[in-house]
Amino acid sequence: MKKVAMTGNVAVANAMRQINPDVCAAYPITPSTEIMQQFSTFVANGQVDTELVTVESEHSAMSACIGAAAAGGRVMNATSANGLALMWEMLYIAAGNRLPIVLSCVNRALSAPINIHCDHSDSMGARDSGWIQIYAENAQEAYDNTIQSVRIGEHPDLHLPVMSCMDGFIISHSIENLELLDDPQVRDFVGPYRGTTYPLLDVNNPVTYGALHLQDYYIESRRQLHEAHKRAKDIVVQVGKEYGKISGRSYGLFETYKMEDAEIGLVALNSAAGTAKVVVDEFRAKGVKAGLLKPRLFRPFPYLEIADALKGLKALCVLDRADSFGAAGGPLFIEVRSALYDLPKRPVTINKIFGLGGRDLGLDDLRKVFEELTTIVDKGPKSLYEYITVRE
Amino acid sequence: MAVLKLKELSKKPDLLTGGHRMCAGCGAPIVVRQVLMAIDEPVIISNATGCLEVATTIYPYTAWKLPWIHSAFENAAATISGVEAMYQSLKRQGKIPADQKIKFLAFGGDGGTYDIGLQALSGALERGHDFMYVCYDNGAYMNTGIQRSSATPFGADTTTSPAGKVLQGKAQKRKDLTKIALAHGVPFVAQASPHNWKDLMTKVQKAMSIEGPKFMNVIAPCNRGWRTQTNDAIELSRLAVNTCFWPLYEVANGVATVTYNPKKNRRPIAEWLKPQGRFKHLFKPENEWMLAKFQELVDDNWRSVVNMHNNSHPGETIDPEEGKTW
Ligand SMILES: Cc1ncc(C[n+]2csc(CCOP(=O)(O)OP(=O)(O)O)c2C)c(N)n1
């Protein structure tokens with residue numbers, strides 16, 4: 001174990017160095033560029049055994065990852081925003097072929113207007129692709145999640161691709177104190193690759209990948225993907241516990257902060273959760289029973305556990321760093337609100353869409369949200385969902 | 001290189017089985033079989049979406065007796081890049097035997113290669129993967145119902161370049177993808193035709209003996225799209241070559257060679273166009289200019305190919321006008 005100060009990107013690149021994947025693809029896009037850039041140096045210096053495929057686009061990046069994973073080895077890649085959008089077609093194909101590729105998604109806003117800063121429109125747009133999605137509050141979590149993603153995706157009961165997300169710039173480019181595991185610890189934790197049951201390179205046992213499934217088989221194939229996602233939750237928890245044993249940092253489906261007796265609460269993904277914790281403390285100091293739930297696993301969405309964790313609340317605000325234009329709220333809100341539906345007594349629930357394109361979320365913004373929550377229990381919400389951190 | 005003897009070849013296992021569900025008389029599976037028959041090592045194929053892919057792998061069946069992957073339409077080259085990269089990585093790490101030889105092939109139609117897959121092809125050629133891309137060029141997006149591609153010949157009537165009252169089929173000439181591939185400076189680029197199996201297979205053998213990225217463009221008649229008979233794929237590919245529409249040549253390590261010169265077999269382009277329903281309107285009296293223009297395009301292309309040959313073989317030059325007796 002080593003204490004270091006590094007950015008989120010460099011932390012993830014180091015996790016990749018320690019994992020030592022067999023093949024990686026690289027294509028630059030801010031703010032994830034630095035991951036593959038740093039990793040290229042590890043390749044150039046012989047610190048990893050990786051074959052680096054410096055593709056000509058993200059579409060080809062994911063295509064090469066698919067070919068490489070089907071060939072029979074460990075594959076990793078990183079991207080953001082428009083890069084992820086360009087991969088979109090191939091994301092579905094990676095999942096449909098059950099290839100446990102690990103993709104580091106450094107969250108950035110999608111165009112237009114073009115912007116390079118953080119929001120979650122990129123990974124939220126990929127939420128139905130069949131990938132497991134894990135979110136990180138800070139660089140330490142991004143590092144830890146990257147290592148765990150390998151084990152989760154390659155689990156014999158899953159064989160699913162995993163998208164490990166962190167906030168662009170806010171985390172990817174901020175220097176943080178964190179702990180790196182020792183190289184042999186990571187090597188032992190991830191173990192040898194076992195994610196491809198029928199490798200293409202096994203020329204003595206030829207297989208066909210990507211056959212045409214018509215009305216008579218397609219739905220069964222998708223059903224299998226559906227069932228795999230149902231199994232993923234327990235495996236994420238099991239891997240998170242095991243990781244705790246070697247690192248002292250255990251992981252579950254989500255993190256709760258002062259939720260035990262909370263009456264009003266927030267749900268927030270990624271770095272916004274850090275800001276929220278500060279405001280929760282402030283309100284607690286004033287005698288208000290405030291709390292926070294920070295989802296970690298977004299796909300599959302652990303709706304039963306999340307509903308259970310939120311059931312004691314009187315009022316709840318879900319913070320979304322992405323819009324689902326025309327829907328009844330942002331993507332996280334839609335999930336959470338649906339999860340609450342079966343509770344006998346539900347909290348009054350509202351949604352704030354914030355921080356698009358990297359707009360700062362300040363303490364004051366969240367103070368206002370908590371103040372609103374204290375009033376809506378009796379009076380009801382003035383609007384179900386609305387933008388905050390925005391000029392009116 | 002092994003000598004190509006029909007008797008020996010007939011004993012080789014068919015890696016694309018019969019009953020593959022391609023249309024009767026389709027040129028593409030003939031091309032695939034000839035390519036595969038010319039290779040002795042184990043082969044892994046990446047196949048772009050298109051007729052070949054769709055027809056041969058209708059789940060739960062597959063016509064392929066070798067490792068095969070289809071992932072999408074525009075990325076056969078990128079997909080095989082990944083497969084080949086994994087092979088290189090595992091070999092370097094000693095995770096697969098050092099003497100395990102595997103050949104990597106990508107197959108795509110002209111739509112998947114000239115158009116939507118051009119970027120991925122260019123990237124893979126530039127990166128220098130050890131693979132060969134084979135385009136089976138049937139001159140249109142056939143699988144989706146005969147839409148024009150940048151490989152569709154001038155004047156052809158397709159479903160998106162229909163011959164109508166005002167427009168007379170495709171207004172543009174073809175893109176010369178073989179020369180675009182060549183411009184990447186790769187060690188082997190060739191054009192071939194299934195009627196001349198010996199030439200095609202010799203080129204494949206040569207390509208397989210060269211390390212690095214290779215590209216082969218092979219004409220593959222489609223009787224549905226060309227509106228011809230199911231039994232004339234071979235005859236039409238022969239005519240395509242003898243009219244100089246589809247010159248047979250290769251550029252191996254910088255040496256350009258015309259591998260077949262029609263000479264006394266040379267025919268005017270009209271003889272190739274005539275049997276094809278897609279060119280019917282070219283034979284209307286008012287479209288005479290189109291026939292003349294088509295012939296001009298063919299002659300220009302033949303001259304440029306012959307030029308490359310003559311530059312490489314100053315002692316064995318070809319006269320581009322030879323055989324032009326009409
Ligand atoms: C991204 C994308 N765009 C369009 C299609 C639809 N599509 C499938 S096959 C095909 C035609 C393929 O044409 P070509 O590459 O010439 O091969 P052929 O069918 O002639 O063998 C098209 C347009 C697709 N599958 N994916």
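Predicted model: local features only at pLDDT ≥ 70, side-chain atom pairs only at ≥ 80, totals over all residues.
A crossing is right-handed if the near helix is turned clockwise from the far one by less than a right angle. Keep that in mind; two helix pairs today use it.

The predictor gives it an ipTM of 0.97 and a pTM of 0.98. For chain B, mean pLDDT is 97, and 100% of its residues reach 70 or more.

Now the helix pairs. Two packed helices are described by the angle between their axes and the distance between the axes.

Start inside chain B. Helix α2, residues 28-37, meets helix α8, residues 197-208. Their axes come within 8 Å and cross at roughly 50°. The crossing of α2(B) past α8(B) is right-handed. Who touches whom? From α2(B) come B:Q34, B:V35 and B:M37; from α8(B) come B:W197, B:L200, B:M201 and B:V204. By class, that contact holds six nonpolar residues, one polar and no charged.

Next, a pair across chains. Helix α3 of chain A, residues 58-71, packs on helix α4 of chain B, residues 76-92. The angle is about 45°, and the axes are 6 Å apart. So α3(A) is oblique to α4(B). Handedness: α3(A) passes α4(B) in a right-handed crossing. On the α3(A) side, the contact uses A:S60, A:S63, A:A64, A:G67, A:A68 and A:A71. On the α4(B) side, look at B:A78, B:T79, B:G82, B:V83 and B:M86. The tally here is six nonpolar, five polar and no charged.

Over to chain A as a whole. The domain assignment gives domain 1 as 2-247 and domain 2 as 254-387. Their C-alpha centres lie 28 Å apart. Domain 1 of chain A puts 30 residues into the contact, and domain 2 puts in 25.

Last, some backbone details in chain A. Most residues other than glycine have a negative phi, and most peptide bonds are trans. Where does this chain depart from that? The A:T30 to A:P31 bond is cis, with omega near 0°. A:P31 sits in the loop between β2 (23-25) and α2 (33-44). The bond from A:S111 to A:A112 is also cis, with omega near -5°. A:A112 is in the loop between β5 (102-107) and α5 (121-125). Then there is A:F169, a residue other than glycine with a positive phi, near 60°. Find A:F169 in the loop between β7 (162-167) and β8 (175-180).

That's it. Questions welcome.

Note on methods. Residues numbered from 1 in each chain as written. Chains lettered and ligands numbered in written order. Heavy atoms only, no water. Axes fitted to C-alpha atoms, helices over the stretch in contact; angles between N-to-C directions. Helix = DSSP H or I, 4+ residues; strand = E, 2+ residues; numbered from the N terminus. Contact = heavy atoms within 4.5 Å. Nonpolar A, V, L, I, M, F, W, Y, C, P; charged D, E, K, R; others polar. pLDDT = per-residue confidence, 0-100. Domains from an automatic or database assignment. Parallel < 35°, antiparallel > 145°, perpendicular 65-115°, else oblique.
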